[in-house]
Amino acid sequence: EGPIESMSKSKRNVIDPQSIIEMYGADSARWFMLSDSPPEKDINWSDSGIKGAWKICQKIWTIVHSNKDILHKNLDENQELSDEGKKLMGLTYECLEGITNSIEKFQMNVAIAKVYELVNAISKFKIEEEADQICLKETIKIMVKVIEPMVPHLAEECWESFNSEKRLDEIPWPSVKKDFLK
């Protein structure tokens with residue numbers, strides 16, 4: 001077992017969140033709390049759970065920073081997308097639709113599961129054609145916006161990689177492009 005014990009309001013064994021925040025950061029703690037269970041359930045704190053939350057935050061940060069050159073480019077968006085690019089866009093908009101619906105229903109744990117799906121797809125995506133950069137940039141932009149309600153500090157830091165004139169909270173929520181959905 002680690003420094004984190006199981007936490008239950010009914011059992012009155014509450015841990016100090018400050019130690020979690022000091023070790024893993026506020027966004028990792030927030031991610032874990034939102035991903036663990038629906039709001040009406042007790043949170044079951046675990047070392048593996050908080051470490052998993054920290055790892056996904058690190059993975060998101062790495063994705064954004066390893067693709068900084070693409071995020072800075074002005075790309076010709078009229079290029080024909082590759083089949084793999086179209087698949088990524090389809091999955092992106094499918095995840096966006098699921099995340100949006102889950103957030104509207106306050107099912108943050110379900111939204112977070114969709115974010116995991118999106119992050120994993122981005123991690124596996126390989127650029128083979130110039131047009132693939134368009135897909136990757138759009139997908140990362142959507143990913144950064146949809147994590148904002150869960151991990152606002154990480155999202156804002158990632159948003160700075162786009163060199164946008166606007167702050168992330170000034171950017172509207174992305175719309176699903178239905179033509180990419182099957």
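I'll start with a helix pair: Val115, Leu118, Val119 and Ile122 in H6 meet Leu136, Thr139, Ile140, Met143, Val146 and Ile147 in H7. Contact here means heavy atoms within 4.5 Å, and helices are DSSP runs of H or I, at least four residues, numbered from the N terminus. The residues of this contact divide into nine nonpolar, one polar and no charged; Ala, Val, Leu, Ile, Met, Phe, Trp, Tyr, Cys and Pro count as nonpolar, Asp, Glu, Lys and Arg as charged, and the others, Gly among them, as polar.

This is a predicted model, where local features need pLDDT of at least 70, side-chain atom pairs count only at pLDDT 80 or more, and totals for chains, interfaces and linings use all residues. Residues are numbered from 1 along each chain as its sequence is written, and side-chain values use heavy atoms, with hydrogens and water left out.

Back to the pair. H6 (residues 108-124) and H7 (residues 130-147) pack at about 150°, with axes 11 Å apart; axes are lines fitted to C-alpha atoms over the stretch in contact, and angles run from 0 to 180 degrees between N-to-C directions. That makes H6 roughly antiparallel to H7, the term for angles over 145 degrees.

Next, H2, residues 26-36. Asp27, Ser28, Ala29, Trp31 and Phe32 are buried there, meaning under 20% relative accessible area with a 1.4 Å probe, protein chains only. Their cover includes H1, H3, H6, H7 and H8.

Not counting residues up to four places away in sequence, Ile140 touches Ile63, Val64, Asn67, Leu71, Ile122 and Phe162.

Technical notes:
Helices (H or I, at least four residues) and strands (E, at least two) are DSSP runs, numbered from the N terminus. Angles under 35 degrees count as roughly parallel, over 145 as roughly antiparallel, 65 to 115 as roughly perpendicular and the rest as oblique. Buried means under 20% relative accessible area, exposed over 50%, partly exposed in between (1.4 Å probe, protein chains only).
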